[in-house]
Amino acid sequence: MIRPRRLLHRQMFLLLAFLVPALLFVGLAFRPDIPPVSKPDLTLLAQAGFASNIPDNLTRVQAGEQSFDIGLVRNSSTTSSLIIRSVDPLLKPDLLVYWVPESIQDNSLPDNAILLGELMGTSFRHMTLPATETTEQGSLIIYSLAHQDVFTSFLIPSLSRARKGNHTS
């Protein structure tokens, strides 16, 4: 009674020993080379802080060894937006962008610094500047939260060259 079951088991084992690798190789042979790519949802990108409308008047700012593309967009008479990205990949973790109304003298984060957002990779980021009249004369500080030090800082380019218009956030 047990012998026919053992013979069936042996036959099934031999069959599966050849069938499973054959199915694996057929599956690998017929898989697509490039996975299908869908278009990103602009609403989700905007909610995450990525800029979907890039202004034409970007300014290249050299701050130490890093270069940044910066654009300023005036949304209304009281609010302005900053579009910023790093030209080269950043080699420090957890970089935050702060705005201060004055220029930076030492290499520390002032108490009056206002957090604008996070800088990641080489993607354009959209950040709303504080609604003050002195925004034109402020400085940006790129601060590494993980290292607890200032990565770089630089003056904001003049808002007089900024494009006036609607910007989706």
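Residues 24 or more positions apart account for 61% of the contacts in the protein with a separation of 6 or more, a contact being defined by heavy atoms within 4.5 Å. The structure is a predicted model, in which local features need pLDDT of at least 70 and side-chain atom pairs count only at pLDDT 80 or more, whereas totals for chains, interfaces and linings use all residues. Residues are numbered from 1 along each chain as its sequence is written, and side-chain values use heavy atoms, with hydrogens and water left out.

The predictor's confidence in each residue is expressed as pLDDT, on a scale from 0 to 100; its mean over the protein is 80, and 87% of the residues reach 70 or more. Where pLDDT is low, the predicted coordinates should not be read in detail.

The protein contains 2 helices and 9 strands, assigned as DSSP runs numbered from the N terminus (helices, H or I, at least four residues; strands, E, at least two). Their order from the N terminus on is α-α-β-β-β-β-β-β-β-β-β. Helix H1, with 28 residues, reaches 41 Å from its first C-alpha to its last, close to the 40 Å expected at 1.5 Å a residue, where the expected span is 1.5 Å times one less than the number of residues. The number of buried residues among the 28 of H1 is 0, so this helix lies largely in the open; buried denotes under 20% relative accessible area, exposed over 50%, and partly exposed the range in between (1.4 Å probe, protein chains only). Of the 169 residues in the protein, 33% are buried.

An open sheet is formed by 4 strands in the order E5-E4-E7-E8, with antiparallel pairing; two strands are taken to pair if DSSP finds at least two bridges between them. Strand E5 (114–119) and E8 stand at the edges, each with a single partner strand, so one side of each is left without a neighbour in the sheet. The twist averages 25° from one strand to the next, based on axes fitted as lines to C-alpha atoms (for helices over the stretch in contact), with angles from 0 to 180 degrees between N-to-C directions. Strand E4 (residues 95–100) is joined to E7 by 6 bridges, and Leu 96 has Tyr 143 in E7 as its bridge partner. Strand E7 (residues 139–144) is in turn joined by 6 bridges to the antiparallel strand E8 (residues 149–155), with Ile 142 opposite Thr 152 in E8. The hairpin of E7 and E8 has 4 residues between the strands, and Gln 148 takes a positive phi near 55°.

Gly 49, in the loop between helix H2 (42–47) and strand E1 (59–63), is buried, with a relative accessible area of 14%. Gly 49 touches Phe 124, Arg 125 and His 126, not counting residues up to four places away in sequence, and its C-alpha lies 8.5 Å from that of Glu 118, 69 residues apart in sequence. Leu 91, in the loop between strand E3 (80–86) and E4, counts as exposed at 78% relative accessibility. The C-alpha atoms of Leu 91 and Gly 121, which are 30 residues apart along the chain, are separated by 9.3 Å.
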